[in-house]
Amino acid sequence: MHIPDGFLNNNLTVGLLAGSVSMLGYCLSKISKSVTVASSRVLANNVSVTGIDSQLGFSENANKYFQRLALIALWVFAFQMFNIPVKSATSAHLLGGVFAAILAGPFAGFAIISFVLITQSLFFSDGGILALGANIFNMAFIGSFLSYYVYKYFSRRSHYPGVFIACFFSVMTASLVCLLELELSDSIMFSTAFKDMMNLHLGMACLETLITLALIKVFRSINGQPNE
Amino acid sequence: MNKKNLVFIIPIFTVLLASLFASKLPDTLETLAINYGFEDKAKKTFSLFSNYSFPFVENHYASTFLAGIIGLCILYILFKITTNVIKSLAK
């Protein structure tokens, strides 16, 4: 689903790039704040309360948290390399947005998928450099950030329906928005390509669900229960 | 084997499997572009490891594997740099 340069018009490309960079900055600031708060909580439990003000900052827990985010990113990158045939003459790979968001939370999930997309675009020509904003919007914002709240809503009783619905939401909504962007750029007619786009991504959504469920289980069993 | 090492070994092993068995068929968006005739609009961008291949290595499997490993290293370094920037800004 990585959009290359040339498919989208300049106005849309620049607008989405500006929005995505702003959102990435906001997510990084939220991550920074959450880790600072976590550090002070640890200090409050272990040290005298008067020590908090003078020792606010990142603790050993924060380093482990950042290490965990990096590891989740490595898993997403590696599994995105693995294309699997889903229909005749078409292949698909994991998006990883739901996997990242469930393990790391919505803000860190957005940052993780954004960093993976930046690496793929700059070093591997996988997705355009100018189209990076659109790809981050589709796969990190819709595919990870928004999907996390879908997961949260549907996983109140059980984890599995939440993952299933979030993965389908992630893939199908991201592909729908991708189609809208292509229509707005006069690359394709939304009404004529809608059925094909949905058909192509249905297999990908099933694949996403299965791989996400398996990866979350394996990652948690190896690395423990992560923070959300 | 230390369980903690597995968290690093699994992505490396996945890159190895991807270099050997990943499908070369076009992905969903490429298929759509081909079917609707707008694939020519795509502009080629230069990257050091275009299409997940390591320059100067002729063996396709080795080239993809090396490019994937480099990708993992780049991503890990990118996270380390970001962590350090966040830490320094928070002080």
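Predicted model: local features only at pLDDT ≥ 70, side-chain atom pairs only at ≥ 80, totals over all residues.
Reader: What makes up the contact between chain B and chain A?

Author: Chain B gives 52 residues and chain A gives 60 residues. Contact means heavy atoms within 4.5 Å.

Reader: What makes A:F107 and A:F145 an edge-to-face pair?

Author: Rings of Phe, Tyr and Trp (its six-membered ring) pair if their centres lie within 6.5 Å; planes under 30 degrees apart are stacked, over 60 edge-to-face, the rest tilted. A:F107 and A:F145 have centres 5.4 Å apart and planes at 65°, hence edge-to-face.

Reader: Why does the pair A:F107 and A:F145 tie together parts apart in sequence?

Author: A:F107 lies in helix 5 (residues 106-124) of chain A and A:F145 in helix 6 (residues 132-154) of chain A, so the parts tied together are 38 residues apart in sequence. Helices are DSSP runs (H or I, at least four residues), numbered from the N terminus.

Reader: Why is the pair A:F164 and A:F168 called tilted?

Author: The centres are 4.9 Å apart and the planes of A:F164 and A:F168 stand at 40°, so the pair is tilted.

Reader: Why is A:F164 called partly exposed?

Author: Its relative accessible area is 45%. Buried means under 20%, exposed over 50%, partly exposed in between (1.4 Å probe, protein chains only). So A:F164 is partly exposed.

Terms used:
Residues numbered from 1 in each chain as written. Chains lettered and ligands numbered in written order. Heavy atoms only, no water. Helix = DSSP H or I, 4+ residues; strand = E, 2+ residues; numbered from the N terminus.
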